[in-house]
Amino acid sequence: MEIDLKKVRKEIRKLKKIVTPEELNKVDVNQIENGDLRGFYTQLTGHFFSDRAYDLIVDTATLFYQDNGLGLTPRNKIIPPNFMTYPNARNFTVLEVYITYNHDKINHILKFLKSEIKQLNL
């Protein structure tokens with residue numbers, strides 16, 4: 001699957017401006033590496049259907065992919081209507097898709113989000 005790295009970087013940079021250190025500390029890298037199906041924003045906020053998760057996604061997401069049961073396909077619209085309601089909740093941001101396929105970059109992304117490093121290398 002080809003992923004637009006410009007959109008991934010844009011989402012990460014937007015997220016860096018608004019995510020809290022407490023939220024970043026909730027991310028369990030081991031669960032993601034072991035194929036945990038919970039999205040990145042779910043881990044940040046503790047619950048996908050929370051107002052905070054909604055705000056983070058709306059303010060940062062640049063592209064959505066939908067799990068149609070056969071794989072992930074890009075959505076035509078940037079933010080799908082009712083994206084947080086079932087079955088629409090099977091949408092993932094480009095960052096979540098990138099993390100799914102690039103486990104080796106999770107720690108680097110978290111360090112960037114926590115301002116521990118200045119350069120974002122994807």
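Glu11, Lys14, Leu15 and Ile18 in helix α1 meet Arg52, Leu56, Asp59 and Thr60 in helix α5, where contact means heavy atoms within 4.5 Å. The structure is a predicted model, in which local features need pLDDT of at least 70, side-chain atom pairs count only at pLDDT 80 or more, and totals for chains, interfaces and linings use all residues. Residues are numbered from 1 along each chain as its sequence is written, and side-chain values use heavy atoms, with hydrogens and water left out.

By class, the contact of α1 with α5 has three nonpolar, one polar and four charged residues. In this scheme Ala, Val, Leu, Ile, Met, Phe, Trp, Tyr, Cys and Pro are nonpolar, Asp, Glu, Lys and Arg are charged, and the others, Gly among them, are polar. Helices are DSSP runs (H or I, at least four residues), numbered from the N terminus.

Helix α1 (residues 5–18) also packs with helix α7 (residues 106–113). The geometry of both pairs is listed below; axes are lines fitted to C-alpha atoms over the stretch in contact, and angles run from 0 to 180 degrees between N-to-C directions.

| Helix pair | Axis separation | Angle |
|---|---|---|
| α1 and α5 | 9 Å | about 135° |
| α1 and α7 | within 9 Å | roughly 45° |

Angles under 35 degrees count as roughly parallel, over 145 as roughly antiparallel, 65 to 115 as roughly perpendicular and the rest as oblique. Helices α1 and α5 are therefore oblique to each other, and α1 and α7 are likewise oblique. The crossing of α1 and α5 is right-handed, that is, the near helix is turned clockwise from the far one by less than a right angle.

In the pairing of α1 with α7, the contact is made by Ile12, Arg13, Leu15 and Lys16 of α1 and by Ile109, Phe112 and Leu113 of α7. Its class composition is five nonpolar, no polar and two charged residues.

One salt bridge is counted, under the rule that a side-chain nitrogen of Lys or Arg lies within 4 Å of a carboxyl oxygen of Asp or Glu. Glu23 forms this salt bridge with Arg52, the closest N and O atoms being 2.6 Å apart. The pair links distant parts of the chain, with Glu23 in helix α2 (residues 21–25) and Arg52 in helix α5 (residues 51–60), 29 residues apart. Glu23 counts as buried because its relative accessibility is 8%, whereas Arg52 is partly exposed at 30%; buried means under 20% relative accessible area, exposed over 50% and partly exposed in between, with a 1.4 Å probe and protein chains only.

Ser115 is found in the segment after α7. Its phi is near 60°, a positive value in a residue other than glycine.

Notes:
Helices (H or I, at least four residues) and strands (E, at least two) are DSSP runs, numbered from the N terminus.
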